[in-house]
Amino acid sequence: MAENRNDLMDKLVSLCKRRGFIFQSSEIYGGINGFWDYGPLGVELKRNVKEAWWTDIVRKRDDIVGLDCSIIMNPRVWEASGHVGGFNDPMVDCRETKKRYRADQILVGEARAERNGEVRSLGWLCVLDGEGAREEFDRRASKFAKKTGGGNVVPPEQMAVFVDAPPDVQTAAIGPDTDNAGTLTAPRQFNLMFGSHAGAMQDESSKVYLRPETAQGIFANWKNVLDTTRLKLPFGIAQIGKSFRNEINPRNYTFRSREFEQMELEFFCHPSEADKWYEYWRDARYQWYIRHGLTSSKLHLRPHDPDELAHYARACADVEYEFPFGTSELEGIANRTDFDLTQHQKYSGKDLAYFDEETKERFIPYVIEPSGGVDRATLAFLCEAYTEDQAPDEKGVMQTRIVMKLHPRLAPIKAAVFPLVKKDGMPEIARQIHEALRDDGLASFYDEKGAVGRRYRRQDEAGTPFCITVDGQTLQDQTVTLRDRDTLEQIRIAVDQVVNYVRQRVR
């Protein structure tokens, strides 16, 4: 199964590069770890994900408004939120390979081998936690057994997280990417925020940070929104924007990056209603991903156990997806209680309480936070959409077809328009349909080069749900052939009905 998953990820990454979904940032200079660029198709897909979220969360509701806060804020914001003092990960370096790892993502276990009835220790081996970690440990243990005279590898009784292992074990451990013991440094805390300076002087007084999340801008503006919108509780404030975290070990393609986008909602309510609203948003956000194409059993809603909860959270659940590299979080929905506004009230000295004019009650609202990653959602939609099936080519021969079965609402191109041949007025009619689609706000692609079958295949890989072909019959009765990407069904439809047909099916 692991090989199949890796194969799928390799194929998807190749398609994303080949078709212009995702490129490595600064690729001509060798790239830079943890940063990615979205190509012509990728930027449209990502914009459609954000547009769908914004439309459903903000534009279709009367109780939610939007914000666009600055990336750099007063550093006191991050002191109040706890990021300056507590936004840390344990880090270790390998002196030999110069690689850096998160200590809580390294597993360490004693490798042992049995020969002639005698069990001997091969040393303490480290592997990176994640999909196939145990198999990797066994592979490395077998390698060391052969180097030291053979024998059958004895499975370890347990594998512990490196940061929790005794110091003597850490000191003797063989790192994940070396064969030599004692090359890993002791774990030390590493703050994940990107620091910079604002102004001409570069000293402590001018130090600022790139925001590690978008939520704090909403909390800092809570009173501004309350005073300018006349909204009454319960209501929400939404934001989509870039965040930055100096991840020690960016990995899994675009899933864990150092620059990423978030879609966050902070929904403020009376403390007595927080449990109800938490359940509402938990279920609503899970259903949103299903409605947009994550319909397989790979999507899960996982409540957090009590020992998983952040110190400020009363409840939390993750919307998770089974990526080829393992199951990971797409979005978290949390009841953050009154922690954030209380902290900002304390650090700023400003009154951030809400006064209910009906009940005459003054209180700090509770906050329900659905917080999702744009890049993670985009990657999940790509993984779910990637399909290989069998379809006939223009000669009727069955061929393997690669198709991205993206939800029409998210598809970068909504329709592609082809003239069957470049003569007899077909290109002129095709371009009129193409322009009519674009004038209606529907992303359309015009293509008149190559056999129609090859043009279909190109659009299948781009995820285009509909292909429209102007042919000889069009000249007779003003109808065109419309092909469905997923079913391969072809129907005749009147030219003047094309725009309405496509519009109705990409909502």
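Q: How many cavities of 30 Å³ or more does a search of the whole structure find?
A: The search finds one. A cavity here is a set of points on a 1 Å grid over the protein atoms alone, where a 1.4 Å probe fits but cannot get out. This is a predicted model, where local features need pLDDT of at least 70, side-chain atom pairs count only at pLDDT 80 or more, and totals for chains, interfaces and linings use all residues. Residues are numbered from 1 along each chain as its sequence is written, and side-chain values use heavy atoms, with hydrogens and water left out.

Q: What volume does the largest cavity have?
A: About 40 Å³, taken as the space filled by probe spheres set on the points, with grid points joined across faces, edges and corners.

Q: Which residues line the largest cavity?
A: His-292, Gly-293, Leu-294, Phe-381, Glu-384, Ala-385, Lys-405, Leu-406, His-407 and Leu-410; a lining residue has an atom within 4 Å of a point. The lining divides into five nonpolar, three polar and two charged residues.

Q: Switching to rings. How many aromatic pairs are there?
A: A search of the whole structure gives 21 aromatic pairs. Rings of Phe, Tyr and Trp (its six-membered ring) pair if their centres lie within 6.5 Å; planes under 30 degrees apart are stacked, over 60 edge-to-face, and the rest tilted. Trp-222 and Tyr-354 make a tilted pair, 6.5 Å centre to centre with 50° between the planes.

Q: Where in the chain are Trp-222 and Tyr-354?
A: Trp-222 is in helix H8 (residues 222-229) and Tyr-354 in strand S18 (residues 354-356), so the pair links distant parts of the chain, 132 residues apart. Helices (H or I, at least four residues) and strands (E, at least two) are DSSP runs, numbered from the N terminus.

Q: Which cluster do ring pairs form?
A: They link Phe-219, Trp-222, Phe-235, Phe-268, Tyr-354 and Phe-363.

Q: Now helix H2: is Asn-48 buried or exposed?
A: Asn-48, found in helix H2 (residues 40-59), is buried because its relative accessible area is 15%. Buried means under 20%, exposed over 50%, partly exposed in between (1.4 Å probe, protein chains only).

Q: What does Asn-48 touch?
A: Not counting residues up to four places away in sequence, Asn-48 touches Arg-409, Leu-410, Ala-411, Pro-412 and Lys-414, where contact means heavy atoms within 4.5 Å.

Q: And Arg-59, buried or exposed?
A: Arg-59, also placed in helix H2, counts as exposed because its relative accessibility is 53%. Leaving aside neighbours within four places in sequence, Arg-59 contacts Glu-51 and Trp-54.

How values were computed:
On a 1 Å grid over the protein atoms alone, a cavity is a set of points where a 1.4 Å probe fits but cannot get out, and a pocket is an open set with protein on both sides within 12 Å along at least five of seven lines; lining residues have an atom within 4 Å of a point. Ala, Val, Leu, Ile, Met, Phe, Trp, Tyr, Cys and Pro count as nonpolar, Asp, Glu, Lys and Arg as charged, and the others, Gly among them, as polar.
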